[in-house]
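Please read them with the structure open.

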Amino acid sequence: MAFSQSVIRSQAPAKCGICDNDRPIKWKCINCDNLLCNHCKEKVHPNLKNTENHQVVNIKDVGQPTVVELNLSKQYQTELSVITYMSYCHDDSLWISNNTEKVLQRVKPEGTKLNILSSFNTKIYGMAVIQSNNLLISTAESRLKQINSKTGALTDSVYNVSPFISTGVHINSDNKVLVAGGNKDRKVVILMNQTGDHERVYEHDQHKQPIFTGPWLVTCTSNGNIHVVDKASDDRF
């Protein structure tokens, strides 16, 4: 004789990703993917490292499109015909470049104008401001250049991606340097520590196939996820 049995399955209620207690879940952080109770949303999550720009939404709105409203606060007129790259400095100055005119400038907003602090005649392929407020730039060579924010001196940095040519540059939340680049045969993204040692090279997926076609720009989120602008075709290399 055959017997049938009913199996009752219960689903454990979701818990707060920070305090892990039984408080009702009301919120979700889009950036770190944590479910949050009211207490942790108000008292704990804002005090965690690198969460000041995280977006926390009501759990009822998860999966719904988020509307972001942008308001124009100020605008400034530069002397450049177009801006190719821009990076923010810790002293509220900006680095801007125009690759068509081969101009790289450090400017600072003053009133409605941009005061030019320094200017260089160079074409760049990526730039990022490091913790010392100095600027790292890629000039389509293997070694990144560095501009001293105080003296304006242009020197070689410790960051070298040989045998590759560098393009995009990014500083992550641990002050490590991500560089996109490649050569005729290989395309990579390299993670380097502050002394220039290569900690990791991103080149192949889990099936040992090349990840990139032409990595051009690179950035990462606060939780360490790396995002790369990968050109579908690239005749530079």
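1. Terms first. Buried means under 20% relative accessible area, exposed means over 50%, and partly exposed is in between, with a 1.4 Å probe and protein chains only. Helices (H or I, at least four residues) and strands (E, at least two) are DSSP runs numbered from the N terminus.

2. Basis of the note. This is a predicted model, in which local features need pLDDT of at least 70 and side-chain atom pairs count only at pLDDT 80 or more, while totals for chains, interfaces and linings use all residues. Residues are numbered from 1 along each chain as its sequence is written, and side-chain values use heavy atoms, with hydrogens and water left out.

3. Strand E14. Six of the six residues of strand E14 (residues 187-192) are buried, so the strand is largely enclosed by the rest of the structure. Lys187, Val189 and Leu191 point one way, Val188, Ile190 and Met192 point the other way, and all are buried. In a regular strand the side chains alternate between the two faces of the sheet. Note that a lysine, Lys187, is among the buried residues here.

4. The partners of E14. Two strands pair if DSSP finds at least two bridges between them. Strand E13 (residues 177-182) runs antiparallel to E14 and is joined to it by six bridges; Gly181 has Val188 as its bridge partner. Four residues separate E13 and E14, which form a hairpin. Strand E15 (residues 198-202) also pairs with E14 in the antiparallel sense, over four bridges, and there His198 stands opposite Met192. E14 and E15 form a hairpin too, with five residues between them, and Gly196 in that turn has a positive phi of about 90 degrees.

5. The sheet around E14. Four strands make an open sheet in the order E12-E13-E14-E15, with antiparallel pairing. E12 and E15 stand at the edges with a single partner strand each, so one side of each is left without a neighbour in the sheet. On average, neighbouring strands of this sheet are turned by 20 degrees against each other, direction ignored. Such angles run from 0 to 180 degrees between N-to-C directions, and axes are lines fitted to C-alpha atoms, for helices over the stretch in contact. E12 and E13 pair over five bridges in the antiparallel sense, with Val179 in E13 as the bridge partner of Val169.

6. The three-stranded sheet. A second open sheet has the order E2-E1-E3, with antiparallel pairing. Its edge strands are E2 (35-37) and E3 (56-58), each pairing on one side only. The twist averages 40 degrees from one strand to the next. Strand E1 (residues 25-29) pairs with E3 over three bridges, and Lys28 stands opposite Val57 in E3.

7. Strand E5 (residues 94-98) and strand E6 (residues 103-110) run antiparallel and are joined by five bridges; Arg106 in E6 is the bridge partner of Trp95. The two form a hairpin with four residues between them, and Lys102 in the turn has a positive phi of about 55 degrees. E6 and E7 pair over seven bridges, again in the antiparallel sense, and Glu110 has Lys113 in E7 as its bridge partner. Their hairpin has two residues between the strands, and in it Gly111 takes a positive phi near 70 degrees.

8. Ile116. Which residues does Ile116 contact, leaving aside its neighbours within four places in sequence? They are Glu79, Gln105, Arg106 and Val107, where contact means heavy atoms within 4.5 Å. Ile116 lies in strand E7 (residues 113-120) and is partly exposed, with a relative accessible area of 34%. Glu79 is 37 residues from Ile116 in sequence, and their C-alpha atoms are 9.7 Å apart.

9. Pockets, defined. On a 1 Å grid over the protein atoms alone, a pocket is an open set of points where a 1.4 Å probe fits, with protein on both sides within 12 Å along at least five of seven lines; lining residues have an atom within 4 Å of a point. Grid points are joined across faces, edges and corners, and a volume is the space filled by probe spheres set on the points.

10. The largest pocket. Its volume is about 310 Å³. Its lining has 13 residues, of which Asn50, Ser173, Cys220, Thr221 and Ser222 lie nearest the centre. Strands E12 (165-171) and E16 (215-220) each supply at least two residues of this lining.
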